[in-house]
Amino acid sequence: KKKKKKKRNSGFTAEEREDFTTWLDSGFVDSFRSFYPEKTGAYTFWTYMGGARKKNVGWRIDYFVTSERLMGDVAASEIREKVWGSDHCPIMLLLANPRITEGTPKSTEDGSKENIVEEKDNSNEGKSEEDANETKENSSCNETENKE
């Protein structure tokens, strides 16, 4: 009887579940389920009524959905069910190899944002490894000579 009632609730309608499945079938991954395919009782939302959270009667309605390509860089996807504060709990996604690209906003020590622009040394582009090492050695010698 409860399942029939639940199916009429926003967040659990047949249409919403079908749409989510379509996303997953089109190349996206539920990161938590990828790490814990058999885990049960893993919820991110509990109603305030009837002591649902203490009884762990809830729904998992908060997700980190990633592309299949990005999943190789995901180190962990967790539900922080022991963190209280609302009817939802935090979820966490930890990247093993965060990709930093030119123009990515980065927080500075004072909390402001700046864009990352990596300077690339192109001085050895197109040279063999031996030639590149020779250029590097000559450069070091020139720096020493200039200091004297």
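Biologist: How many helices and strands does the chain have?

Modeller: Six helices and six strands. Helices (H or I, at least four residues) and strands (E, at least two) are DSSP runs, numbered from the N terminus. Along the sequence the pattern is α-α-β-α-α-β-α-β-β-β-β-α. This is a predicted model: local features need pLDDT of at least 70, side-chain atom pairs count only at pLDDT 80 or more, and totals for chains, interfaces and linings use all residues. Residues are numbered from 1 along each chain as its sequence is written, and side-chain values use heavy atoms, with hydrogens and water left out.

Biologist: What share of the 148 residues is buried?

Modeller: Buried means under 20% relative accessible area, exposed over 50%, partly exposed in between (1.4 Å probe, protein chains only). Here, buried residues make up 16% of the 148.

Biologist: Which residues form a salt bridge?

Modeller: A salt bridge is a side-chain nitrogen of Lys or Arg within 4 Å of a carboxyl oxygen of Asp or Glu. The count by this rule is one. Asp30 pairs with Arg60, their closest N and O atoms 2.3 Å apart. This pair links distant parts of the chain, 30 residues apart. Asp30 lies in strand β1 (residues 28–30), and Arg60 in the loop between α4 (52–55) and β2 (65–67).

Biologist: Are Asp30 and Arg60 buried or exposed?

Modeller: Both Asp30 and Arg60 are buried.

Biologist: Where is Glu15?

Modeller: Glu15 sits in helix α2 (residues 14–25). Glu15 is exposed, with a relative accessible area of 57%.
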